[in-house]
Amino acid sequence: MKETKRRLGDRKDGYRVRNLDSMHVIAPLIMPNRTDNEAVMNEVLDITNLNKYLEKKNADNPEFKYTFFHVILGALAKTMVLRPRLNRFYEGSRLFDRKDITFSFVVKKKFEDDAHEALAIIKVDKDSDVSPVEQFYTKVKKIVYSVRRENKKDGTTDIMDTLVSLLPLPVLRFFMRTLKWLDYHGKYPYSLMKEDPYFSSVFVSNLGSIKMNASYHHLANWGTNSFFVVVGEKKKRPFFKEDGTFELRDTIELGMTIDERIADGVYFAKSVKILRHLIENPELLDLPINTEVDV
């Protein structure tokens, strides 16, 4: 995929969207904060086919198992490749197309109250022939092993620890305000941006892995993240037939919070339809990430 040439007004992490209609110019002036513009979408997905898909993937009993999380990440990434407006963000009252597709999530070192957490950031290869599921499987495996076996600290935590240890609270408060000002004007240091999960395309919280149910998570005014996804716990739900009878099927609920300014309702609806189709037909995720999908 050929990279767009940088022009005046672009940022290190995004290309400014030009020739906008008046609504998209005025919207960030009326409601400038990302948290003012949250749109919430919830989807309950039938994972009958996904269960079978994972059984085949894990038939050889790999030490590190393929999971729902790898497939959901792959489906989200492929949806964003096919629906690029989902990867936009507002900053400084301007709309940008993000250059990369990146995913952030938390890795718990142990499932214990006092166990430390690490923040993981994964960049998607949009031009690779490697399928999206394999991309995430390989990268998540590497991150999980480094955190849980080698006890490595992620770059985000390392930066925060350094700032807190060196700067007293008043200076730290001024420092954070300065960073916010730099971000508004497109001057935020890339060395910090690439380690900050709030500058990613999608922040994912896999609550199902800790047996917790929640269908909503707020966005943040810090950074540029416009898309937050909560993955719920696997559970049985009834699916009704035309004759009034029903059958119980395995399902997962996705709670999606998105900055409604980056696209319109029709665009979001079509994007969610593609996402649903990919998760309910996961064999499509074994194809290269930029392969078109008929829905």
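This is a predicted model: local features need pLDDT of at least 70, side-chain atom pairs count only at pLDDT 80 or more; totals for chains, interfaces and linings use all residues.

Start by selecting Ala118, which sits in strand β6 (residues 117-123). A word on the names: helices (H or I, at least four residues) and strands (E, at least two) are DSSP runs, numbered from the N terminus. Ala118 counts as buried because its relative accessibility is 2%; buried means under 20% relative accessible area, exposed over 50%, and partly exposed in between (1.4 Å probe, protein chains only).

Residues are numbered from 1 along each chain as its sequence is written, and side-chain values use heavy atoms, with hydrogens and water left out.

Next, click on Val124, in the loop between β6 and α4 (132-148). Is Val124 buried or exposed? Its relative accessible area is 5%, so Val124 is buried.

**The three-stranded sheet**

Show β1, β4 and β3 together. They make an open sheet of 3 strands in the order β1-β4-β3, with antiparallel pairing. The edge strands, β1 (14-16) and β3 (88-91), each pair on one side only. On average, neighbouring strands here are turned by 40° against each other, direction ignored; the axes behind such angles are lines fitted to C-alpha atoms, for helices over the stretch in contact, and angles run from 0 to 180 degrees between N-to-C directions. Two strands count as paired if DSSP finds at least two bridges between them. As background, strands of a sheet pair through backbone hydrogen bonds, either parallel or antiparallel.

Zoom in on β3 and β4 (residues 94-98), which run antiparallel and are joined by 4 bridges. Which β4 residues face β3? Arg88 stands opposite Asp97, Phe89 has Phe96 as its bridge partner, and Tyr90 stands opposite Leu95. The two strands form a hairpin with 2 residues between them, and Gly92 in the turn has a positive phi of about 60°.

Then move across to β1, which pairs with β4 in the antiparallel sense over 3 bridges. Select Arg16 there: its bridge partner in β4 is Phe96.

Select residues 68-82, helix α3. The helix has 15 residues and reaches 21 Å from first C-alpha to last, close to the 21 Å expected at 1.5 Å a residue; the expected span is 1.5 Å times one less than the number of residues. α3 is mostly covered, with 14 of its 15 residues buried.

On a 1 Å grid over the protein atoms alone, a cavity is a set of points where a 1.4 Å probe fits but cannot get out, and lining residues have an atom within 4 Å of a point. Grid points are joined across faces, edges and corners, and a volume is the space filled by probe spheres set on the points. The count comes to 1 cavity of 30 Å³ or more, and the largest cavity has a volume of about 60 Å³. Color its lining: Met41, Leu76, Thr79, Leu86, Phe227, Met256, Ile258, Phe268, Ser271, Val272 and Leu275. The elements giving two or more residues to this lining are α3, β10 (246-259) and α8 (265-280). α8 gives the most, with 4 residues. By class, the lining has 9 nonpolar, 2 polar and no charged residues; Ala, Val, Leu, Ile, Met, Phe, Trp, Tyr, Cys and Pro count as nonpolar, Asp, Glu, Lys and Arg as charged, and the others, Gly among them, as polar.

**Two asparagines to finish**

Most residues other than glycine have a negative phi, and most peptide bonds are trans. Select Asn19, in the loop between β1 and α1 (22-30): not a glycine, yet its phi is positive, about 60°. Asn19 is exposed, because its relative accessible area is 82%.

Last stop: Asn61, in the loop between α2 (48-57) and α3. Asn61 has a positive phi of about 55° although it is not a glycine, and with a relative accessible area of 57%, Asn61 is exposed.

Methods: On a 1 Å grid over the protein atoms alone, a cavity is a set of points where a 1.4 Å probe fits but cannot get out, and a pocket is an open set with protein on both sides within 12 Å along at least five of seven lines; lining residues have an atom within 4 Å of a point.
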